[in-house]
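Welcome! Have the sequence and the 3D view ready.

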Amino acid sequence: MSTVKHISLSKFQSLIKRKLEEALPLPCWVTAEISELKVNYSGHCYLELVEKGGDNGVPCAKAGAVIWRNAYGMISSFFRSETGSDLAVGMNVLMKVTVSYHELYGLTLVVTDIDPLYTLGDMERQRQKTIARLKEEGVFDMNRSLPAPAVMQRIAVVSSRNAAGFQDFMNELALSPYRFEVELFDSFMQGHGAEESVIEALGRICDRGELFDVVVVIRGGGSQSDLAAFDSYRLCSHIAQFPLPVVTGIGHDKDQSVADLVSAVALKTPTAVARFLIDSMDEADSWLASALSEVTQLAVELLEEERRQVREYTFGLSHAVSGLTRSVERRLEKLASEISGAAAAYLASSRFALQSAGTGVEAGARAVLAGEKQRLGAVARLVESRDPKNILALGFAVVRKDGRAIVDASAVAPGDLLEVALHRGTVSARAEQINAKTK
């Protein structure tokens, strides 16, 4: 059996509990970020608190906490009345806590009070930090510097499908005489997941940026803490550097979010955004009407000037044609006289030439006919000498086999029946011996 001095685990835990209670001046005010929050069926609120270190946001401390039911109702009600929002994940809070160390469940911080002014102050500090960083990086004015499209008709909307603000926006557009092409990119617009959801929606819009003229980010009204996502560096950096103009209508009347400050146009409400788009279309429509009027007036003036020039040209042309006609008539009369004299002289000369040529032609024709008669006689004699009848009369014969003339002995086989044509009559013969010769 071991002789080492020892105590039981429960006694050891009790010792830790006693030492903690003796060492800490409780209660104590502690700052931390809420990373988890759950209100159970009994009304107790259970929290997980973290402290993040450095720019990477990695927790350097973590602890569990609880607000018991008898205190939670009062604390949460007061916090809501001061900040306009419920306690939520992601908030930095200043809490008054005591330490509870249980032998079975370990250490837990018991929250007895929360200072809402600290949370509001922290949100403003984060807001100013975001503004300073965006300016330092040189992107703060980028979206505001984009040229506004002349016509903003193809609209990408980042909002919640079920939000009243989105419905107000669509209803206002429907009352206008213009046809807007609206595509909704459904997103969470408040709470812990809002920042990531809106950034993801902006990314999807950017992938299809050529299909849109403007991006609209809208939501209904809310408290300052509800709008914390629109002060975050990541979201505002995306808006500031977005390649299309961004119009915000985030639904608050007092302070501008950082998203409002970096967007191309910032308006108070979704309805105001819709009105802005309609007014932009009104301006474009008025400009087009004015331009059309100016073009029409210019066209009328040009037409009148063209008609005046045509009249002047026609008048001048009439005089020119009249003078040209008289000149042509005089030239034609002169040419007619010259042609008449030349024709008479030519006819007299031609008559003499024809008489002379007639005598020469008659003599030449007789000589040609005599020569041709002699040439035809020679050809006739040559043709007659080549007549097959005359050739057969000289003792030659034509040998046929099956009705076809034979000119090569190799085409005849012994025993073949042949027909021999003579000058007078034919003879039938049968081949007995073949003597074929080659060249």
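## One aromatic pair

Searching the whole structure turns up one aromatic pair. Rings of Phe, Tyr and Trp (its six-membered ring) pair if their centres lie within 6.5 Å; planes under 30 degrees apart count as stacked, over 60 as edge-to-face and the rest as tilted. The ring centres of F185 and F212 are 5.9 Å apart and the planes stand at 75°, so this pair is edge-to-face. It links distant parts of the chain: F185 belongs to strand β7 (residues 181-186), while F212 sits in the loop between α5 (194-207) and β8 (214-218), 27 residues apart. Helices (H or I, at least four residues) and strands (E, at least two) are DSSP runs, numbered from the N terminus.

A word on the source: this is a predicted model, in which local features need pLDDT of at least 70 and side-chain atom pairs count only at pLDDT 80 or more, while totals for chains, interfaces and linings use all residues. Residues are numbered from 1 along each chain as its sequence is written, and side-chain values use heavy atoms, with hydrogens and water left out.

## The closed barrel

In what order do the strands of the closed barrel run? The five strands follow β1-β2-β3-β5-β4, with mixed pairing. Two strands pair if DSSP finds at least two bridges between them. On average, neighbouring strands of this sheet are turned by 55° against each other, direction ignored. Axes here are lines fitted to C-alpha atoms, for helices over the stretch in contact, and angles run from 0 to 180 degrees between N-to-C directions.

Look next at strand β1 (residues 28-39) and strand β4 (residues 92-102), which pair in the antiparallel sense over six bridges. W29 stands opposite K96 in β4, and T31 has L94 in β4 as its bridge partner. β4 is also joined to β5, again antiparallel, by nine bridges. There V97 has V111 in β5 as its bridge partner, and the two strands, β4 and β5, form a hairpin with three residues between them.

## Helices on the barrel sheet

## Helix against helix

Two packed helices are described by the angle between their axes and the distance between the axes. Helix α2 (residues 69-83) and helix α3 (residues 116-136) pack at about 40°, with axes 9 Å apart. That makes α2 oblique to α3; angles under 35 degrees count as roughly parallel, over 145 as roughly antiparallel, 65 to 115 as roughly perpendicular and the rest as oblique. α2 passes α3 in a right-handed crossing; a crossing is left-handed if the near helix is turned anticlockwise from the far one by less than a right angle, and right-handed if clockwise. F78, F79, E82 and T83 in α2 meet P116, T119 and L120 in α3. By class, this contact of α2 with α3 has four nonpolar, two polar and one charged residues. Ala, Val, Leu, Ile, Met, Phe, Trp, Tyr, Cys and Pro count as nonpolar, Asp, Glu, Lys and Arg as charged, and the others, Gly among them, as polar.

Helix α6 (residues 233-240) has an axis that comes within 10 Å of that of α3, crossing at roughly 40°. α3 and α6 are therefore oblique to each other, and α3 passes α6 in a right-handed crossing. Here T130, R133 and L134 in α3 meet Y233, C236 and S237 in α6. The axes of α5 and α6 come within 9 Å and cross at roughly 20°, which makes α5 roughly parallel to α6. α5 passes α6 in a left-handed crossing.

## The open sheet

Finally, find the open sheet of four strands, ordered β12-β11-β13-β14 with antiparallel pairing. β12 (404-405) and β14 (426-430) stand at the edges, each with a single partner strand, so one side of each is left without a neighbour in the sheet. Strand β11 (residues 398-401) runs antiparallel to β12 and is joined to β12 by two bridges. The bridge partner of K401 in β12 is R404.

Conventions
Contact = heavy atoms within 4.5 Å.
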